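User: I would like to understand the terms used to describe this protein. Please set each value against its definition.

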Amino acid sequence: MVSRLEKLSFLLKQQPQIHLRDAAELLGVSEMTIRRDINSGDTPFKLLGGYIVFAEPRKHEYQVLEQQTKHITEKLCLGEKAASLIEEDDIVFFDCGSTIPFIASQIDQNLHFTAICCSLNTFTVLSEKPNCKLILIGGEYSSHNAFFQSLSEQNEVDLIFTDKAFISAAGFSQEKGATCFSLQEAKLKRKAIAKSKNPILVVDKSKEDKLSSAFIAPLSSFNQIITD
């Protein structure tokens, strides 16, 4: 299981500080419980004026997209639901997008699995999972969406069949399907869907009935949709 301290550490990698009250609400415990966790001994956190921060500056942390700090409660819930689907020795594709790191953060530390990912923010989270065999799709790095765009027509996604593929979207509807902002992202997402036994759309309700310029796939292409 993922501990409260691990979840708190993940949240503080998305934003430099979080209010004690908000942390308690997000983690489903009392403020006193969070205080006890922080004061229990050797933890990397401290309380500063009602806010929880890292006791020491974190080095080599990725730059977080603006979207990553929006709808955090919903994304934590979606991440927990999606992470619970991953089974021992699964091969899993993790898409780019602000919701996907919330899946990676809540995977059981004891689970053995193989992860294929295409974004720096998810790679950073997965690299802390001790039993994860991690494959990063290479290419040109785009800082605005933390996405690695392959420089060749073929990449690791073409070569590996996955058990599950977690796909994000900037908008979705019954009529128009799933869409995103980038044509290059959409191309990779379609490949991942085609190569997976179980493609899963993970998207929060704020994206419902919104339409972006790049078409990913009709909703019928997904075996499951996880949303709030």
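This is a predicted model: local features need pLDDT of at least 70, side-chain atom pairs count only at pLDDT 80 or more; totals for chains, interfaces and linings use all residues.

User: What makes the pair of Tyr 141 and Phe 148 tilted?

Analyst: Rings of Phe, Tyr and Trp (its six-membered ring) pair if their centres lie within 6.5 Å; planes under 30 degrees apart are stacked, over 60 edge-to-face, and the rest tilted. The ring centres of Tyr 141 and Phe 148 are 5.1 Å apart and the planes lie at 45°, so the pair is tilted. The whole structure has four aromatic pairs.

User: Why is Phe 148 called buried, and what is Tyr 141 called?

Analyst: Buried means under 20% relative accessible area, exposed over 50%, and partly exposed in between (1.4 Å probe, protein chains only). Phe 148 has 14%, so this residue is buried. Tyr 141 has 35%, and is therefore partly exposed.

User: Is Leu 126 buried or exposed?

Analyst: Leu 126 has a relative accessibility of 1% and therefore counts as buried. Leu 126 lies in helix α6.

User: What makes β5 and β6 paired strands?

Analyst: Two strands pair if DSSP finds at least two bridges between them; helices (H or I, at least four residues) and strands (E, at least two) are DSSP runs, numbered from the N terminus. Five bridges join β5 (residues 113-117) to β6 (residues 132-136), so these parallel strands pair. Phe 113 has Cys 132 as its bridge partner in β6.

User: Which elements make the right-handed β-α-β unit?

Analyst: The unit consists of β5, helix α6 (residues 120-126) and β6. Right-handed means that, with the strands pointing away from the viewer, the path from the first strand over the helix to the second runs clockwise.

User: Why are Asp 89 and Asp 209 called exposed?

Analyst: Asp 89 has a relative accessible area of 58%, so this residue is exposed. Asp 209, at 61%, is therefore exposed as well. Phi is positive in both, near 70° for Asp 89 and near 60° for Asp 209. Most residues other than glycine have a negative phi.

User: How do the residues lining the largest cavity divide?

Analyst: They divide into five nonpolar, one polar and one charged. Ala, Val, Leu, Ile, Met, Phe, Trp, Tyr, Cys and Pro count as nonpolar, Asp, Glu, Lys and Arg as charged, and the others, Gly among them, as polar.

Technical notes:
Residues are numbered from 1 along each chain as its sequence is written. Side-chain values use heavy atoms; hydrogens and water are left out.
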